[in-house]
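Let's walk through this protein together, one question at a time. Keep the structure open beside you as you read.

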Amino acid sequence: MGHPRRRVTHGAAGVALVAGVLAGCSPDEVPGEQQTPTPRSVALRVESVSGADHLDEEDRTALETEIGDVLSHYVVRGFLGDFPRREFVASFESFTSGAARHAARDIEQLTAARVQDATAVRATRLDADLSFLVDGQDVIGATAAVRFAFEATMEDGKPRPLSLRGRFLLEEGAGEWSIFGYDVALDDGATLETGVAP
């Protein structure tokens, strides 16, 4: 069941951080077996930076958690998990249908598809700053300015950095937040045309 649309109130404002644990684990470790520890992925940091001045702490934390969950789902499906692999389309499950169609065409800019033959990928930075769009008393949308960085371990053992910077546009519908647009660049700085559903 979703959450009702958040209303702006005139309570005290504070800064809240949401940490979604996005750890890269190795599941089948045998006790007593000598293994090189695999560095873990950093946690997602989500912070409200504008448009939340009049939200009370409970509502702001709830919004950060809900949007953090959307971004976490995207990051886990798009960049983490088991490698090597070929399946990245599930990254767009939290996108609207129109944005998902755009994203499928931009899959190499929005996911780790470029390093699909890597043996492992971990997150080294996952920062998201949220700006909320308020209409009267209602929070009707949000922008997540993201700075994500990853390190892929390639087949030859060499690390390959990836970084994703830009913004995701989110809307709430039926109590669920989803991504309806994006304007991001992955690693090489090639900027994508904003993918907004028609």
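A nonpolar core is a set of buried Ala, Val, Leu, Ile, Met, Phe, Trp, Tyr and Cys residues joined through side-chain atoms within 4.5 Å. Please bear in mind that this is a predicted model.

Q: In what order do the elements of the protein run from the N terminus on?
A: Let's begin with the parts: the protein has three helices and six strands. Read from the N terminus on, these elements run β-β-α-α-α-β-β-β-β.

Q: Which residues of the largest nonpolar core touch the most other members?
A: This core holds 47 residues. Strand E2, helices H1, H2 and H3, and strands E3, E4, E5 and E6 each supply at least two residues of the core. The members that touch the most others are Tyr74, Phe95, Phe148, Phe150 and Phe168.

Q: How many residues apart are Tyr74 and Phe168, the pair that links distant parts of the chain?
A: Both Tyr74 and Phe168 are buried. Their rings form an edge-to-face pair, with 5.1 Å from centre to centre and 65 degrees between the planes; the cut-off for edge-to-face is over 60. Tyr74 sits in helix H1 and Phe168 in strand E5, and the number of residues apart is 94.

Q: Which residues do ring pairs link into a cluster?
A: The count of aromatic pairs comes to eight. Phe95 is in contact with Tyr74, Phe168 and Tyr182, among others beyond its neighbours within four places in sequence. The cluster linked by ring pairs consists of Tyr74, Phe79, Phe92, Phe95, Phe150, Phe168 and Tyr182.

Q: What percentage of the contacts between residues at least 6 apart in sequence join residues at least 24 apart?
A: Here we turn to the whole chain, where 41% of the 198 residues count as buried. The accessible surface comes to about 10,300 Å², and 50% of that belongs to carbon and sulfur atoms. Among contacts between residues at least 6 apart in sequence, the share joining residues at least 24 apart is 63%.

Notes: Residues are numbered from 1 along each chain as its sequence is written. This is a predicted model: local features need pLDDT of at least 70, side-chain atom pairs count only at pLDDT 80 or more; totals for chains, interfaces and linings use all residues. Side-chain values use heavy atoms; hydrogens and water are left out. Buried means under 20% relative accessible area, exposed over 50%, partly exposed in between (1.4 Å probe, protein chains only). Helices (H or I, at least four residues) and strands (E, at least two) are DSSP runs, numbered from the N terminus. Contact means heavy atoms within 4.5 Å. Rings of Phe, Tyr and Trp (its six-membered ring) pair if their centres lie within 6.5 Å; planes under 30 degrees apart count as stacked, over 60 as edge-to-face and the rest as tilted. Accessible areas come from the Shrake-Rupley method with a 1.4 Å probe; for residues, only the protein chains shown count as cover.
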